[in-house]
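Thanks for coming, everyone. Please bring the model up on your screens, and we will go through two of its elements in turn.

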Amino acid sequence: MKHRLFTIASRSRGRKQSSPLASRSFSRLSSQSDRPSFGIAFDIDGVVLLGHIPVGGSPRALRRLYDDSGELKIPFVFLTNGGGFSESKRAQDLGQLLGVDILPSQVILGHTPFKQLVNRFEDKLVVAVGKGEPAAVMSEYDIWTTSLGLQINVLSIDEYTSYFDAIDPLATYKRWTTKTDIDQNITSNETAKRKIAVQTERVQAAFVVGDSVDWSRDIQVLCDILRTGGLPGKETGNQPHLFFANDDLEYQATFPAERLGMGAFRIALEAIYNRIHPIPLAYTSYRKPNPFVYGNAETVNLDVENTTNSGIRCFKTLYMIGDNPKIDIRGAQQAGDPWFSILTRTGVFKGKDNHSEFPADLVVDTVEDAVDFILRKECGS
């Protein structure tokens with residue numbers, strides 16, 4: 001979600017320059033001359049889906065971006081603060097829910113920018129936090145570490161916690177169990193070595209990949225990691241790096257009222273950490289509305305591995321379709337040209353008029369209305 005909104009024809013903005021946006025996602029477009037001069041970025045939650053349910057005519061809207069044979073004719077990406085699963089898995093799930101063929105390169109999640117940190121944390125112990133498959137996500141980004149001659153994949157906080165007895169004082173009171181993602185083929189001897197390695201090696205970074213499932217445990221363990229220099233139960237040390245995939249306070253799910261998001265978890269962690277540690281918590285958050293995310297969206301789409309389409313396509317307009325004025329629309333405003341923001345009423349925003357603080361370039365009821373406007377404007381259809 002991002003950008004500014006306003007009603008149709010309420011103003012016209014000058015275009016400063018075109019923005020390069022090309023990728024393997026768009027390699028199926030037939031030829032350079034046939035490729036359109038615009039692209040689209042869709043938020044997911046509250047725009048095309050509510051939970052796992054399509055909303056606002058999204059399947060019909062997306063099918064209009066393909067030709068009769070199922071080939072992509074209008075370039076688009078999904079740009080969301082959500083995450084917890086790899087881009088490839090999310091693309092597969094979206095394709096099944098929406099009835100179209102989605103490539104992993106068309107999915108930009110909140111944690112996708114973490115790919116750029118791979119070299120920085122090579123050969124380091126890293127902990128991944130959040131719902132879904134956070135360790136698998138980071139492992140897919142090729143972050144790994146070696147200790148005691150044993151390769152250790154980036155650890156989920158579930159697995160990491162399992163190597164420290166009684167680190168979670170409330171564990172015995174919890175009625176659910178957590179999946180530790182430990183390879184079932186590992187022998188007991190290897191497991192013992194793994195435990196020793198984890199208990200003696202400092203965590204260099206923690207990545208909050210998705211929404212925390214167990215706030216009390218995750219806040220406790222993260223505080224242990226962060227204030228001890230990466231080795232719980234030991235003396236204090238320099239804080240390891242901490243990264244958040246997004247900072248959304250709330251988001252729209254299937255429940256009528258907004259749900260607390262990763263930003264709420266960050267606020268809770270920061271408030272507690274700052275009360276028990278003399279030095280304030282330091283962290284980095286990669287998410288909308290940060291203009292970096294929009295720049296990253298363009299970078300991700302510039303797929304140099306694509307050899308079928310030579311040259312960089314410069315789009316005159318990039319449309320952002322979102323449901324959150326404070327995130328999607330605001331982000332588009334900060335990114336500037338060539339972004340054009342469209343605000344839907346199917347998610348966080350439900351107002352009759354434009355948002356007063358972060359007005360979009362256009363307000364519509366649904367994503368289908370948004371796509372209809374874009375195609376009529378750009379293609380006359």
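I will begin with a helix and then turn to a strand.

This is a predicted model, in which local features need pLDDT of at least 70 and side-chain atom pairs count only at pLDDT 80 or more, while totals for chains, interfaces and linings use all residues. Residues are numbered from 1 along each chain as its sequence is written, and side-chain values use heavy atoms, with hydrogens and water left out.

The helix is H6, residues 215–227, where helices (H or I, at least four residues) and strands (E, at least two) are DSSP runs numbered from the N terminus. H6 has 13 residues and reaches 18 Å from its first C-alpha to its last, close to the 18 Å expected at 1.5 Å a residue, the expected span being 1.5 Å times one less than the number of residues. Trp215, which lies in H6, counts as partly exposed because its relative accessibility is 31%; buried means under 20% relative accessible area, exposed over 50%, and partly exposed in between, with a 1.4 Å probe and protein chains only. Among the buried residues of H6 are Ile219, Leu222 and Ile225, and just after the helix Gly229 takes a positive phi of about 75°.

Now to strand E2, residues 38–42: five of its five residues are buried, so E2 is largely enclosed by the rest of the structure. Phe38, Ile40 and Phe42 point one way, and Gly39 and Ala41 the other. E2 pairs in the parallel sense with strand E17, residues 317–322, over five bridges, pairing here requiring that DSSP finds at least two bridges between the strands. Within E17, Leu318 is the bridge partner of Gly39. Three bridges also join E2 to E5, residues 76–79, again in parallel, and there Phe42 stands opposite Phe78.
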